[in-house]
Amino acid sequence: MRKQTFLTCLGTRPEIIKMAPVYKALQAQGNRVQIIHTGQHEAVAHELYRFFEMPPDLVIDLQRKSSTLAHLTSALTDGLEAAMRTLQPDVVMVQGDTTSAFIGALIGYYDDIPVAHIEAGLRTHERDPFPEEKNREMIGRLARWHFPPTDQARRNLLAENIPPDQIHQVGNTVIDAALWTRDRLHKTFGQDNPALPSVAQVFLKKHADDRLILITAHRRENWGQPIRQIAQAAAAILTDHPDTVVIWPVHPNPAVRLDVENEIAKLPQSVQRRFCLTAPLEYPALIDLLVRCHFTLTDSGGIQEEASAFAKPVLVARNSTERQELVDVGGARLVGTDIDQIRFHAGLLLSNADIYRQMQVTQSPFGDGLSAQRIAAILSSSNALTTHDGASLAN
């Protein structure tokens, strides 16, 4: 069987993390794997590429002059079209629901290169999350291989009339990445992870006997009043439970950080001291905190998945989630940004050991750590790949 060239279009932090296990699995089979970095999350991307030892083959200089989605889409279309025609891959791989993934799939389709969609089939069937819900729907119309992580995602694709032989339920590679990272950190650093910001290291040592709550909030729909309510709810939790502390990596948008800081500044010093705000964390630091924490309050889809790998309960600061599987098995609760709801459910996790144990899922519904190996096996199989005119590339 002739070895293939796989091209992956990556631009954001979650894409890099979730594609890293696939990159390694395909390379282990002797295939060539190329990376186009689109630059959507430029500030954090290259550290991740170094951590996973997967340097980009080509970097697009987006030259963003506006923050609008229309401008981003236009810039990515021009950049990816030129890059893809330079690299001439056999297969284009995209991950998830970003603009980079959508435009990568679109250019692959335009150039008649078969597209593989990693983490396919996630749906809320609502407008939110915006624009991700529509991105993943549109990728579903463009892809040749669909790799849903769960049975619900598979059924979503079938309901949209995707041919069953193009759908391969494999689990989610985020579990592969999280488990690999945890093991690497433990083996290399033990309890002293240098990826943790110094302020977090000092904070954790000072509060070694306290229970840790990890909070993250970054979605646009939660900016403004909703994120202020999350901060108010966190303050109420710390007031109710003096043996708890919070680490909160705050979104880099200055308005978001100011909202959080202003709410914390209103609190008594005794409560303020139990908050630790940090800049956005590197991935190894985030995994370290997920392993350490008692539970997490988050609006991040990725963290819902990663927390489940370590049997950590999740309070989801959204009214719906495309990761409903974790809710269904009892590992997560949808609490929105309502202060009373967050406070109530956090209180149960902190005061009721039976409820806490019930939310510690013994097996993540998203995967078992072998998802990337399944994807690589399917994409590299003798009858999987075809040329652009339909003739077999294998053998």
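**Close-up views of a predicted model**

**View 1. Strand 1 and its parallel neighbours.** Strand 1 and strand 4 (residues 91–95) run parallel and are joined by three bridges, where strands are DSSP runs of E with at least two residues, helices are runs of H or I with at least four residues, and both are numbered from the N terminus. Two strands are taken to pair if DSSP finds at least two bridges between them. Within this pairing, Met 93 of strand 4 is the bridge partner of Thr 8. Strand 2 (residues 32–37) also runs parallel to strand 1, to which six bridges join it, and Arg 32 in strand 2 stands opposite Thr 5. The path from strand 1 to strand 2 passes through helix 1 as a right-handed β-α-β crossover (clockwise from the first strand over the helix to the second, with the strands pointing away from the viewer). The model is predicted, with local features requiring pLDDT of at least 70 and side-chain atom pairs counted only at pLDDT 80 or more, whereas totals for chains, interfaces and linings use all residues. Residues are numbered from 1 along each chain as its sequence is written, and side-chain values use heavy atoms, with hydrogens and water left out.

View 2. Six of the six residues of strand 1 (residues 5–10) are buried, that is, under 20% relative accessible area, with exposed meaning over 50% and partly exposed lying in between (1.4 Å probe, protein chains only). Thr 5, Leu 7 and Cys 9 are covered on one side, and Phe 6, Thr 8 and Leu 10 on the other.

**View 3. The largest nonpolar core.** This core has 62 residues, and Met 54, Met 93 and Tyr 283 have the most contacts inside it; a nonpolar core is a set of buried Ala, Val, Leu, Ile, Met, Phe, Trp, Tyr and Cys residues joined through side-chain atoms within 4.5 Å. Helix 1 (residues 13–28) gives the largest share of this core, eight residues. Domain 1 (5–172 + 368–380) and domain 2 (176–358) each supply at least three residues to this core, the bounds coming from an automatic or database domain assignment. Leaving aside residues up to four places away in sequence, Met 54 touches Leu 10, Ile 16, Ala 20, Tyr 23, Ile 35 and Tyr 49, a contact being heavy atoms within 4.5 Å.

**View 4. Ile 264 in helix 10.** Ile 264 lies in helix 10 (residues 254–265) and counts as buried because its relative accessibility is 7%. Beyond residues up to four places away in sequence, Ile 264 touches Gln 272, Phe 275 and Leu 277.
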